[in-house]
Amino acid sequence: MSIHYLRGLAALAVVFFHLRENLNNVYAQKNLGDLLFLSGAGGVDIFFIVSGFIIALSTKNKMPNNAANFFLKRFFRIYPPYIIMLLAYCFWVVPTDSVVFIKSALLIQLNYASEAPFFGYSILLPSWTLTYEIYFYMVFMIAMSINHKYRVLLCILMLLIPMYILQHHYNGNFDFYGKSAANINDPSLPGGFLRLASSPMMIEFVYGMIIYEFRSLLKKVPFVTIVAFLCVSFYISCFLSGWKFFYGPMNFGLWAIVLVLGVMSYEAQNGLKESKSLSFLGDISYSLYISHAGLITVIGTYWPDMPVYVQGPGIGRLILLTAFSISFAYFIFRFIETPSIKLGKLAINRVCGNK
């Protein structure tokens, strides 16, 4: 339950990150938006840790045609909402050439010669993270195909060993910073793949899988209420102060793993009360993450005379755009993501013969 809640809060944090400019240079505290929400970008690192945990947990039972099961579930969970949002964004906001569109449609980042971990982003800016997710899924699927029992260990090794070798070979050292990657002067797709594989962002999936493997220990954390309180306080302090600011396992990822461990430890021993609001955010988290940036751009482009816009930026505009983003994400979740997941189950039943 806590993982589900954290996923929803992470998505909301990313939304606030993209809306923060509405609070800057408006009030007496000129950088109010940055002060409150610049660290919302770190929601991405929470996503990666949560993804590592959930993928390990959701595959604990071996199924017939396990790899095919896994591939179809992930494909129908992620791709249909993404491609529909991409098509809508290209139609309404940024018409683009075929090469750029095809790269984005295939979840290939646009320029692997540019700075990590973004590698030129994609047409839909938040979707740069999906490339890392897809790479993780591919590696996990291979590991699961080799040996289901040891799939987590194999996946960890298959992520970490190439990452270390590539960075050490091309850079002469290994760096945990999110901007680090193998210095490969090759703009081709194979060179880009090697740069992606060398990114320390992959360690955050490892964090999640390690938590899965040792989750039974969470029930043995002493003074768990105090520990959880300190973990949450640590995250909030880092969030507001910007300590070790940036993506990566020793930056946002460090904040995130402390938060996840603290909250999950508390839940393991004391449980959590059900929150319909947090559960709702968790349900729509992917749709919210993938759709909000495009929606905000469309509103600003096609509805600039909206009263809140005419009155200028501020808390009113931030609240309204947040409400629009959540409402729109619900419709994406209800009418695209949920039917897509159901379609995936039908495909699994047909292809894999599951009952």
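Phe-252 and Trp-255 sit together in helix H11. They are three residues apart, about one turn of the helix. The model is predicted.

Line up the burial of these two residues. Phe-252 has a relative accessibility of 1%, so Phe-252 counts as buried. Trp-255 has a relative accessible area of 0%, so Trp-255 is buried too.

**Aromatic pairs**

How many aromatic pairs does a search of the whole structure find? The search finds 36 of them. One of these joins Tyr-235 and Trp-255 in an edge-to-face pair.

Why edge-to-face? Planes over 60 degrees apart fall in that class.

**Salt bridges**

Now turn to charge. Side chains of opposite charge can pair when their charged atoms come close. How many salt bridges does the count come to? The count comes to three. Here they are.

| Salt bridge | N to O distance | Separation in sequence |
|---|---|---|
| Asp-34 and Arg-20 | 3.0 Å | 14 residues |
| Glu-337 and Arg-77 | 2.7 Å | 260 residues |

Take the Asp-34 and Arg-20 bridge. Asp-34 lies in helix H2 (residues 32-37) and Arg-20 in the loop between helix H1 (2-19) and H2, so the bridge ties together parts 14 residues apart in sequence. Asp-34 is partly exposed, with a relative accessible area of 26%. Arg-20 counts as buried, at 16% relative accessibility.

Next comes the bridge between Glu-337 and Arg-77. Glu-337 is in helix H15 (residues 315-352) and Arg-77 is in helix H4, so this pair ties together parts 260 residues apart in sequence.

Lys-179 is partly exposed, with a relative accessible area of 35%. Glu-115 is partly exposed too, at 43%.

**On the surface**

Which residues form a nonpolar patch on the surface? They are Tyr-150, Leu-153, Leu-157, Ile-161, Tyr-164 and Ile-165. Together they have about 600 Å² of accessible area. Tyr-150 is placed in the loop between helix H6 (128-146) and helix H7 (151-171). Tyr-150 counts as partly exposed, at 44% relative accessibility.

Ile-84 is another partly exposed residue, with a relative accessible area of 38%. Ile-84 lies in helix H4 (residues 66-92). Ile-84 and Ala-11 are 73 residues apart in sequence. In space, they are 19 Å apart, C-alpha to C-alpha.

**The whole protein**

The secondary structure comes to 15 helices and zero strands. The radius of gyration is 20 Å, close to the 20 Å that the globule rule gives for 355 residues, so the protein is as compact as a globular protein of that length. The C-alpha trace spans about 60 × 55 × 50 Å along its principal axes.

How much of the protein is buried? Of the 355 residues, 50% count as buried. The accessible surface is about 16900 Å². Carbon and sulfur atoms own 67% of that surface. Among contacts with a separation of 6 or more, 72% come from residues 24 or more positions apart.

Conventions. Residues numbered from 1 in each chain as written. Predicted model: local features only at pLDDT ≥ 70, side-chain atom pairs only at ≥ 80, totals over all residues. Heavy atoms only, no water. Patch = residues over 30% accessible without salt bridge, like charges linked within 9 Å, V, L, I, M, F, W, Y side chains within 5 Å. Areas by Shrake-Rupley, 256 points an atom, 1.4 Å probe, with all protein chains shown as cover. Salt bridge = Lys/Arg side-chain N within 4 Å of Asp/Glu carboxyl O. Helix = DSSP H or I, 4+ residues; strand = E, 2+ residues; numbered from the N terminus. Buried < 20%, exposed > 50% of the residue type's maximum accessible area, 1.4 Å probe, protein only. Rg over C-alpha atoms; globule rule 2.2 N^0.38 Å. Contact = heavy atoms within 4.5 Å. Phe/Tyr/Trp six-rings, centres within 6.5 Å; stacked < 30°, edge-to-face > 60°.
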